Amino acid sequence: MISLHFLGTASGIPTFHRFNSATLLCCDQDKYLIDCGEPVSSLLLRTGFDWKEIKAVFISHMHADHFSGIFQLLQSLQIAGRTEKLSIMMPENAINTFKSFLELILLHGDMLPYQLEIIPVQSGYIFKDDNFQVTACPTNHLKPYNRPAYSYSFEGDIKIVYSGDIGSINDLRWLQEADVLIMELAHVPLDDVLQFLKIKSKIGKIVLSHIHPDLEGKEKEVFNMLLDFLPKERITIAGDGTMLKIVPEKCYNNEYGL
C-alpha cells in the first residue's frame with residue numbers, strides 16, 4: 001500500500017496549528033521523508049512511525065523550514081542504534097557546509113552506527129529503488145540568491161509530484177500528468193494555481209500544503225474555489241496529521257478531503 005502522511009504543513013513560519021514542512025511517503029515497508037522541517041523527529045513518533053524505518057530523505061532546498069529538523073533526526077537515529085544506511089538527497093552546493101556542521105555536532109564518521117550517504121541533487125534522475133524512480137526538476141524559488149531549489153517526481157506504480165517551493169507557476173510547466181500533485185500554497189497566488197489546474201487536466205488529485213499564514217482558517221473557502229476545476233474527491237487541503245491512502249487504480253478517491 002502507498003500512503004502519504006503530512007507531518008508538517010506550514011510555510012516559512014510555524015503556526016499554532018501547523019509545523020514546518022515534512023511529508024512521509026510510505027510504500028509498504030519503505031518510508032521516504034520529503035523535506036525535514038522542525039520538529040520532524042517528534043512528529044514521526046506521534047504519528048506512529050519509527051525513525052529507523054526511513055529509507056531516504058529528500059531535501060527540496062536549503063531554507064530552514066524545509067531542512068532544520070535533519071540534525072535532530074540524525075541524532076535520534078544515532079541514539080536509537082540504527083545500523084542500516086540512510087540516504088539523504090540535497091542540493092549539491094550545500095553538501096560541504098552540511099558535512100562541516102555534522103562534524104561540529106559530533107554526527108559524522110565513526111560517531112554514527114549507520115552509513116550516511118549524501119547524494120547531490122542536480123536536475124534529472126537522482127534516485128531509484130524497487131518502488132520509485134525519483135527525478136529532480138529545478139524551480140526558481142531561490143533564483144534571486146543564485147541558489148538551487150527543486151521539485152521532485154516519484155514514479156512507480158503511480159506518479160507523485162512534490163512541487164517544493166516555486167518561483168511561479170511556470171516552474172511546473174514541465175508537468176503533463178500526475179496521479180497526485182502535492183502543491184505548495186505559500187509562494188504562488190491561488191488564482192495561478194486554479195488556472196494551472198484548468199489547463200492540466202491529467203492531474204488526478206491535488207493536495208495543497210505549505211499553507212501561507214494568510215490562508216490559515218480560510219481552508220474551506222479555498223476548497224470551494226477548487227471545486228470549479230476538480231470534483232471534491234480529487235481535492236485535499238492538508239493539515240498536520242492528514243493521511244492519504246493511495247490505491248493506483250483508485251487514486252482519485254479520497255475520504256480525507258476537507
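Is F132 buried or exposed? In this predicted model, F132 is buried, because its relative accessible area is 2% and the cut-off for a buried residue is under 20%. The points below take up the surroundings of this residue and then the sheet whose strands flank its loop.

**F132 and its surroundings**

- F132 is placed in the loop that runs between β7, residues 124-128, and β8, residues 133-138.
- When neighbours within four places in sequence are set aside, the residues in contact with F132 are I2, L25, C27, Y32, F127, F154, E155, G156 and I158.
- Between F132 and V207 the separation is 75 residues in sequence, while their C-alpha atoms lie 20 Å apart in space.

**The sheet**

- Seven strands form an open sheet with mixed pairing, and their order across it is β7-β8-β9-β10-β11-β12-β13.
- The edges of this sheet are taken by β7 and by β13, residues 235-237, and because each of them has a single partner strand, one side of each is left without a neighbour in the sheet.
- From one strand to the next, the twist averages 20°.

**Pairing of β8 with β9**

- Strand β9, which covers residues 150-155, pairs with β8 in the antiparallel sense, and six bridges connect the two.
- Within this pairing, A136 stands opposite Y152, a residue of β9.

**Helix packing on the sheet**

- Helix α6, made up of residues 219-226, packs on the sheet and touches β11 (178-185), β12 (203-211) and β13.
- The direction of helix α6 makes about 160° with that of β13.

Definitions and conventions
Residues are numbered from 1 along each chain as its sequence is written. This is a predicted model: local features need pLDDT of at least 70, side-chain atom pairs count only at pLDDT 80 or more; totals for chains, interfaces and linings use all residues. Side-chain values use heavy atoms; hydrogens and water are left out. Helices (H or I, at least four residues) and strands (E, at least two) are DSSP runs, numbered from the N terminus. Buried means under 20% relative accessible area, exposed over 50%, partly exposed in between (1.4 Å probe, protein chains only). Contact means heavy atoms within 4.5 Å. Two strands pair if DSSP finds at least two bridges between them. Axes are lines fitted to C-alpha atoms, for helices over the stretch in contact, and angles run from 0 to 180 degrees between N-to-C directions.
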